[in-house]
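Biologist: I'd like to learn how to read a model of a complex. Could you walk me through one, feature by feature?

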Amino acid sequence: MSKSTKQQIEDITSSEYQYGFTTKIKEERIPNGLNEEIIKTISAIKNEPDWLLEWRLKAYNRWLKMSEPNWSNLKYPKIDFQDLCYYSAPKQKKKLNSLDEVDPELIKTYNKLGIPLNEQKMLSGVAVDAVFDSVSVATTFKETLKKAGVIFCSFSEAVQNHPDLIKKYLGTVVPISDNYYAALNSAVFSDGSFVYIPKGTKCPMELSTYFRINAANTGQFERTLIIADEGAYVSYLEGCTAPMRDENQLHAAVVELVTLDNAEIKYSTVQNWYPGDKDGKGGIYNFVTKRGLCKGYKSKISWTQIETGSALTWKYPSCVLKGDNSIGEFYSVALSNNFQQADTGTKMIHIGNNTKSTIISKGISAGNGQQTYRGEVKVMKNAINARNRSECDSILIGSKSGAHTFPYLDIRNASAKIEHEATTSKIGEEQLFYCNQRGIDTEDAIALIINGFCKSVFKKLPMEFAVEAQKLMEVSLEGSVG
Amino acid sequence: MLKIKNLTAGIDDKNILNNINLNINSGEFHVIMGTNGTGKSTLGHILAGKDNYNVHSGDIIYKDKSILDLSPDERAHEGIFMSFQYPVSIPGVNTMHFLRTAVNSIRKSKNLDEIEPGDFIKLFKEKLELIGLKSEFSKRSVNDGFSGGEKKRFEIIQMLLLNPDLIILDETDSGLDIDAIRIVSNGINAFRNKNKSFILITHYNRILNYLKPDFVHVMLNGTIVKSGGKELAVELEEKGYEWIK
């Protein structure tokens, strides 16, 4: 009879990574290892004020006393933190004023990634702050944003130019001692993005940052801080890719969001870090702490993530709903193919009255991929009328993949209304046969079924990125597409 | 059109079908009747190419070629269509998008250009109306939350749009009320012509009041035990399956 569907699924789901190229560029890097001297060096390179160096050292000393979390469903060899390089930057002669001065090799890399860095892309309304390894090399559309009063720059620049805002908000959402990786990031973070939207301002364009890890054995520790002042709105997109390397690379980022009264931040991520090869060799270890604080009345934070990359993903974008009537949302699609492992989910912490949260999580496991949803909904004692709706669906492709769901509910106020739904299904042989019977081949059928499965999350992405996400899913699942 | 020769097949080593022989010419309408578990649906699935069944011996000749080595989608490209007894739901996949993908896959296999989206929408709405479904149907997901009757109607709409040559109707009448049976039958009758062949799998005589079959076969224990004209169905209805045994 025909080639079995099972075999076809295996062929299709063991496709190659499409973004695996490295850029030959001179780096400025410091010796491997982690100690106070290294931290002082990083801080000195970045010409930081004393208070920030002290903050880093405090974080480092806390980190030394902490131990690596082992509660996740991830399996990986022990990471030697002394064998990593904590700072690597493309070597530049002088400060850059425009894109023309950027190393053409870098521009080529970005073009290969399809990052809309050049000015023509202004038409599409995307402003890009590109982070190459540790230093932000080019920032576009600063002028337009400046007119609106929006600050969008690299974290290091913000430290120099807006120290008051940094000092006021840094570490207020994710404290240095929050967790092992957040503490590590606080000690050694090298760069990242900073956004401030002033009172009553709707950011005139989508803001976007692309991260890319290039240097071998470099941990990338970026730090992002976004503040939406009263009545402000911003939509922010973060995209990530990394070159193909045999060794595993570490990525431990921290993202902090703050919304004041009536403000809204929509934060979308398309994460496509190198997932490792078909046999599970190489790939990014992605340990990320993302948290938003709905500080003000009726403020809103919405996380949307499409996670198709990384060998390991440990990530729980969360919302602390402190302001009364504030809203937190989490929409996620996570795909684990080959030997990828993802332990991801969210935390919604209801503190204010009449707070509302929505969680929609879609997990897809193919090949030997392992997928864990871990989510917590916490309603504090004094939070009256909290509402939560959670929907966690998993789909399995093939017989060797796995899906796990760990919902935690901690409800301390009786007025709370919590709904939770979870489903796990195998990508039906029946569904595939049905599509096949209508003339649709297995490869197209899988793409069709998976896109249907993810539709409710894709709808939450900004239009142009929804199309990109859909394509990325197809590329991640299929050998011949893309 | 179709020649089933000494077909013995089943799951793994177990036989469900035993030495089936059946000839179907272009334009003919055949009915296969039989009690539950006699292998009627299995025969339909094997013709459509479902891969968890194994053919142990015999052959299936369709349009003068053996189709045993063809995958289900290749068979669909060749014009074989099955209306499912239990159509599976595909949440999030829009009915119209699904059908356009299917139509274009079949067109591609024939080296034809994709159908213009505008033309397709028109065609789709036309068929919806013919089968008595509202145009809002085009916004729903494939079989998701459909009533039993809607599922069967949607199967017939797909048949009309994909324009196959050999149509297997697996219990298309089950779950339909009298009005729906009439509408669905009208759709099927309008599609009948001298180039199309049908195999209807059913338990009941009811739908045969609308679809006039040329031949009726009775299956028992995985094999065809009796064949005849449409009067055989009437006789079965009167005497029951015990009469055959």
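Biologist: How much area do chain A and chain B bury between them?

Modeller: The size of an interface is often given as the accessible area lost when the parts come together. This is a predicted model, and in it chain A and chain B bury about 2500 Å² between them. Carbon and sulfur atoms account for 62% of that area.

Biologist: How many residues does the contact take from chain A, and how many from chain B?

Modeller: Chain A gives 21 residues and chain B gives 42 residues.

Biologist: Okay, on to charges. How many salt bridges does the rule find across the interface of chain A and chain B?

Modeller: Side chains of opposite charge can pair when their charged atoms come close. Here the rule finds two across the interface. One of them joins B:E155 and A:R438, with N to O at 2.5 Å.

Biologist: Which helices of chain A each supply at least two residues of the side that touches chain B?

Modeller: Those are α9 (429–437) and α10 (442–458) of chain A. The largest share comes from α9(A), with eight residues. Sorted by class, this side of chain A has eight nonpolar, eight polar and five charged residues.

Biologist: And over all chains, how many salt bridges does the structure hold?

Modeller: The count is 22. Take A:E238 and A:K290, whose side chains meet at 2.6 Å, N to O. That pair links distant parts of the chain, 52 residues apart: A:E238 lies in strand β9 (residues 233–241) of chain A, and A:K290 in strand β13 (residues 283–294) of chain A.

Biologist: Let's do sheets. What is the order of the strands in the open sheet of chain B?

Modeller: Strands of a sheet pair through backbone hydrogen bonds, either parallel or antiparallel. This sheet has four strands in the order β2-β1-β4-β5 (chain B), and the pairing is antiparallel. Strands β2 (14–24) and β5 (65–66) of chain B are at the edges with a single partner strand each, so one side of each has no neighbour in the sheet. Further in, β1 (residues 2–11) and β4 (residues 54–62) of chain B pair over seven bridges, in the antiparallel sense. For B:K3, the bridge partner in β4(B) is B:I61.

Biologist: Last topic, confidence. What is the mean pLDDT of chain A?

Modeller: It is 80, and 76% of the residues of chain A reach 70 or more. Watch residues 118–126 of chain A, where pLDDT stays under 50. Chain B averages 92, with 100% of its residues scoring at least 70. Within chain B, confidence is lowest in helix α7 (residues 231–239), at a mean of 86, and highest in strand β6 (residues 80–83), at 97.

Biologist: What ipTM and pTM does the model score?

Modeller: The ipTM is 0.95 and the pTM is 0.78.

Methods: Residues numbered from 1 in each chain as written. Chains lettered and ligands numbered in written order. Heavy atoms only, no water. Contact = heavy atoms within 4.5 Å. Buried area = accessible area lost by both parts, 1.4 Å probe. Salt bridge = Lys/Arg side-chain N within 4 Å of Asp/Glu carboxyl O. Nonpolar A, V, L, I, M, F, W, Y, C, P; charged D, E, K, R; others polar. pLDDT = per-residue confidence, 0-100. Pairing = 2+ DSSP bridges.
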